[in-house]
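The following note comments on a single protein model, point by point. Please read each point with the sequence and the structure at hand.

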Amino acid sequence: MGRMVVAAIVSIWVIPMSILVNRIVPDPYMDEIFHIPQAQQYCRGDFKSWDPMITTPSGLYYLSLAYVASFFPVIRFTNASLSFSESCSTPVLRSTNGALAVICSIMIYEILIHLRPAIGERAATLYTVILAMFPIHWFFTFLYYTDVASLTVVLAMYLACLKQHYWLSALLGGLAIFIRQTNVVWMLFVACIGAINYKSVLNGKDHIQPDHPMTSSGKIDRLADKKRPEVTPNLRHRKMSNSVNTINLSSIKMTVHSSSPDAGMIGEVQDIIAGLWSLKWEFLMSFTPYILVLAAFIAFVIRNGSVVLGAKEAHAVSPHFAQIMYFGLVSAAAMAPMHFSFCQISVLCQLFWKNKLLNLFLGLIALTVGLIAVHFFSVAHPYLLADNRHYPFYMWRKVITAHWSMKYLLVPLYVYSWFSIFSILGKFQKKIWVLIYFLACAAVLIPAPLIEFRYYTIPFYFMILHSQIDDNRSWSLIGILYMAVNIFTMMMFLFRPFTWAHEPGTQRFIW
């Protein structure tokens, strides 16, 4: 029932906003001038032509073909003279992302319910609706970009892995890569988390959180049954007490991490490796599809000579270490009621005073690394400097480079943001989980030379889905924040167009 309510609520704003955007901005805009003509070529059956300015594979175009084909009988019924290729108009192609946004909200809901069944359908519905309004994701729901499709398929891949459908998860991982190449990193991230959960489920002896689905009585009983010795009828009475003790010990054991919560990351890694090694053949059979998809991707990169398809010079890999810090600040700002509250500041101060010398040392290292990153590895991409239709342009011009000292003065804020993120994630996730997540973010963001908030969407959703925010007041404030940003951005996009002196035509503000 909850997923239907979520889909209905999201549709309530997707449909009218899509109509409004298509009425005011009927022509392809920004990157749509590449994506929409390419998709229309596919609708005409021309799969050989390719725009050299497109950097991502054709996964979105094939999804659009399937989407248009599913509705083509209805389209023909309303207009019998319309051909299939003519059906692939700009509004119809844009509506692909509208449909995917509804599916994406269902994926978010299902993941929340799976990770935290104790929160209930009502709370999960509320949280999902708020997350569906995340401004970057919300805005691109109404344009023909790859971001909504990419996020939807990645979350579907993760959900399949959580439900231990590893072959389906790997298949969805291949589709996610076919939409955007960098999703190979998120496929590896999902595979690593799946490996940790695989060992937990089969061994039944890892850290189980109160809201974890494994704590449901049915699953505990089923795992206990696996460990319960068979008792013949004539021995049942004699071994009853021993069996009960075995069950109780098994249930208790499942609620405690095999290494204590204060154990180091090395202990966690050793425990996971030991557990997986004892299940090596089952593990290999389950996770082979991820290896096959990874091998296919490596073969593609070798043959293509690069990760990107087109415009390789403009998207060459560069060490953009400052990008990971921008992401930390933007994500913390998107969860401002959690990260910039007096309560969170107090928690971080208490954590600092628990081990002052060590934390002071770590803080100084983080500040030093941050200063080096912004000084030597801040990349001013030509696309960023030349286009004032994006938020990053103004962030760069009006904040980061407003004064020569600003990029250095912002470093403590970047460091605080990441420490706060680590603190909240560390309350509910293993240390190894947090490390893998950070490495995945770094692998996706650091090689990207362009500051582009769209790149932050997938890592942000993984972050907030695993932060386990239970404070309804914080969720309400986050929802209000998202609505305010969405209204402002859409008003600027639709009703404040402008023109460039050197380039005639209407220009609009965009994320």
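1. Burial and conventions. In this note, buried means under 20% relative accessible area, exposed means over 50%, and partly exposed lies in between, with a 1.4 Å probe and protein chains only. By that rule Glu-452 is buried, since its relative accessible area is 6%. The model is predicted: local features need pLDDT of at least 70 and side-chain atom pairs count only at pLDDT 80 or more, while totals for chains, interfaces and linings use all residues. Residues are numbered from 1 along each chain as its sequence is written, and side-chain values use heavy atoms, with hydrogens and water left out.

2. Overall composition. The protein chain contains 25 helices and two strands, where helices (H or I, at least four residues) and strands (E, at least two) are DSSP runs numbered from the N terminus. Of the 511 residues in the protein chain, 50% are buried. The accessible surface is about 24500 Å², and carbon and sulfur atoms account for 69% of that area; accessible areas come from the Shrake-Rupley method with a 1.4 Å probe, and for residues only the protein chains shown count as cover. A contact means heavy atoms within 4.5 Å. Among contacts between residues at least 6 apart in sequence, 76% join residues at least 24 apart.

3. The disulfide. The structure holds one disulfide, defined as a pair of cysteine sulfur atoms within 2.5 Å. Cys-43 and Cys-88 form this link, with their sulfur atoms 1.9 Å apart. The angle about the S-S bond is -85 degrees, and the link of Cys-43 and Cys-88 is left-handed. The pair connects distant parts of the chain, 45 residues apart: Cys-43 lies in helix α2 (residues 32-43), and Cys-88 in the loop between α4 (84-87) and α5 (90-115). Cys-43 and Cys-88 are both buried.

4. Other cysteines. Cys-161 takes part in no disulfide, and the nearest cysteine sulfur, that of Cys-192, is 9.9 Å away. Cys-161 counts as buried because its relative accessibility is 3%. Cys-349, at 40% relative accessibility, counts as partly exposed.

5. The salt-bridge network. Which residues are linked in a network of salt bridges? They are Asp-31, Asp-147, Arg-180, Glu-452 and Arg-454. Within it, Asp-31 pairs with Arg-454, the closest N and O atoms being 3.9 Å apart. Asp-31 lies in the loop between α1 and α2, and Arg-454 in the loop between α23 (431-445) and α24 (457-465), so the pair ties together parts that are 423 residues apart in sequence. Asp-31 is partly exposed, with a relative accessible area of 27%, but Arg-454 counts as buried at 9% relative accessibility. The side chain of Arg-454 also meets that of Glu-452 in a salt bridge (3.7 Å, N to O).

6. Helix α8. The 16 residues of helix α8 (residues 147-162) should span 22 Å at 1.5 Å a residue, and the end C-alpha atoms are 22 Å apart, which agrees; the expected span is 1.5 Å times one less than the number of residues. Helix α8 is mostly covered, with 16 of its 16 residues buried. Just after α8, Gln-164 adopts a positive phi of about 65 degrees.

7. The nonpolar patch. Leu-20, Leu-477, Ile-480, Met-483, Ile-487, Met-491 and Phe-495 make a nonpolar surface patch of about 630 Å². Patches consist of residues with over 30% relative accessible area and no salt bridge, like charges being joined within 9 Å and nonpolar side chains (Val, Leu, Ile, Met, Phe, Trp, Tyr) within 5 Å. Helix α25 (residues 472-495) gives the most, with six residues. An α-helix has 3.6 residues a turn, so residues three or four places apart point the same way. Ile-487 lies in helix α25 and is exposed, with a relative accessible area of 55%.

8. Pro-135 and Met-483. Pro-135 lies in helix α7 (residues 135-140) and is buried, with a relative accessible area of 5%. The C-alpha atoms of Pro-135 and Met-483 are separated by 7.9 Å, although the two residues are 348 apart along the chain.

Methods:
Salt bridge = Lys/Arg side-chain N within 4 Å of Asp/Glu carboxyl O.
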